[in-house]
Amino acid sequence: NCNGKSLLHAPSSLPSNITSLDLSFNSLVVPRHGTLLMHFPSLRSLNLSSNALVALSPAVFSNLGALHLLDLSSCSIAYLHTDAFKGLGNLRTLVLRNNSLQELEVPFFLPLKALSHLDLQQNALVSVDTWSLQLMEAVPQVRLEGNPWVCDCTVHPLQRWLQRRQAVQVTCASPPELRGREVASLDSQDLSCRVKQRFPRGVSTAQQITVTHSNTTTPPSGKGGRSWPYLVGFLVAAIGISILIALAAKCKLFHKNFASYHHRPLPETSSIGGSRMEDSSGWDRDSSGPGASESHPMPGAADLQAEDDDGFIEDNYIQPSEQLPEEEEQELHFSI
């Protein structure tokens, strides 16, 4: 019995073969890594109540494989690591009364194969998940009194579990209208998540059809629904399509204008006329000599047309200023 000694660690003078140890009302320091009481592998009963343990590190009791009873009441424990009770395969009684547990991590039950008594009274539990209840099904005695249970939709699995085990004194803390009521005595009408009948009793078939039609056609009041994302998507798609059409039209117009100005301009007619005039003057000078007509054959009309035709002549590109003057044309005909 070493209770109330303000101990930080277990006395090293104790024999290693002791089977029962009371270290309650001390100031024990739980190591973050390693095990607690590693020099007492024969312990079968350990009382650590009223020590400020707050949190239990993983496998802190792993060397106490022979332990049957572990009292951790009033230790201000707010969190249990999933491996906190690793190695306690022979533990039968676990007392966690008067702590600050708000939820139960399901895996912490898994190493406790031989557990027969679990005391969770006077904690801060408001609900228990279905998996934890299934694991606690194998524990014959479970104490859940004194927790601030919230009797809403989440307490429905606990309600059925307590009814099967015929548990009493597990009462609701909220909502106010159910405060003090035993959870096991509640029915579906008392819970906010009670199963609602599709049609009330005594309603005729015609009324059921009318109710169904009104429920499917009438939109919910007070809410805008979920139609606004579709409206935004439609507007974005319409704007995007309009931009693509405008770009396509501009590209088509650009190609059209580019093709219109792609032709080569005609050579200036003044240079053509000048070369012809030079040739005609030469013909006039040489025509006085004998055989002039044979040495300088006169070009035909077909040759002149072939030289002027480059395959890209369009009437719109020939400006009036580029036409041959009437006097030069008459002189050319005269020379010919």
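Me: Is R165 buried, partly exposed or exposed?
Reply: This is a predicted model, where local features need pLDDT of at least 70, side-chain atom pairs count only at pLDDT 80 or more, and totals for chains, interfaces and linings use all residues. Residues are numbered from 1 along each chain as its sequence is written, and side-chain values use heavy atoms, without hydrogens and water. Buried means under 20% relative accessible area, exposed over 50%, and partly exposed in between (1.4 Å probe, protein chains only). R165 has 23% relative accessibility, so R165 counts as partly exposed.

Me: Which residue forms a salt bridge with R165?
Reply: A salt bridge is a side-chain nitrogen of Lys or Arg within 4 Å of a carboxyl oxygen of Asp or Glu. Here the closest N and O atoms are 3.9 Å apart, and the partner of R165 is E137.

Me: How many residues apart are E137 and R165?
Reply: Helices (H or I, at least four residues) and strands (E, at least two) are DSSP runs, numbered from the N terminus. E137 sits in the loop between α1 and β8, while R165 is in helix α2. The pair links distant parts of the chain, and the separation is 28 residues.

Me: With which other residue does E137 form a salt bridge?
Reply: The closest N and O atoms of this pair are 3.1 Å apart, and the partner of E137 is R164. E137 lies in the loop between α1 (130-136) and β8 (141-143), and its partner is in helix α2 (residues 156-165), so the pair ties together parts 27 residues apart in sequence. E137, R165 and this partner are linked in a network of salt bridges. The residue asked for is R164.

Me: Is R164 buried or exposed?
Reply: E137 has 37% relative accessibility, so E137 counts as partly exposed. R164 has 55%, so R164 counts as exposed.

Me: Which residue meets R97 in a salt bridge?
Reply: The two side chains come to 2.6 Å, N to O, and the partner of R97 is D119. R97 is in the loop between β6 (93-95) and β7 (117-119), and the partner is in strand β7, 22 residues apart. The residue is D119.

Me: Is D119 buried or exposed?
Reply: R97 has 35% relative accessibility, so R97 counts as partly exposed. D119 has 2%, so D119 counts as buried.

Me: What percentage of the protein's residues count as buried?
Reply: The protein has 8 helices and 10 strands. Of its 336 residues, the share that counts as buried is 26%.
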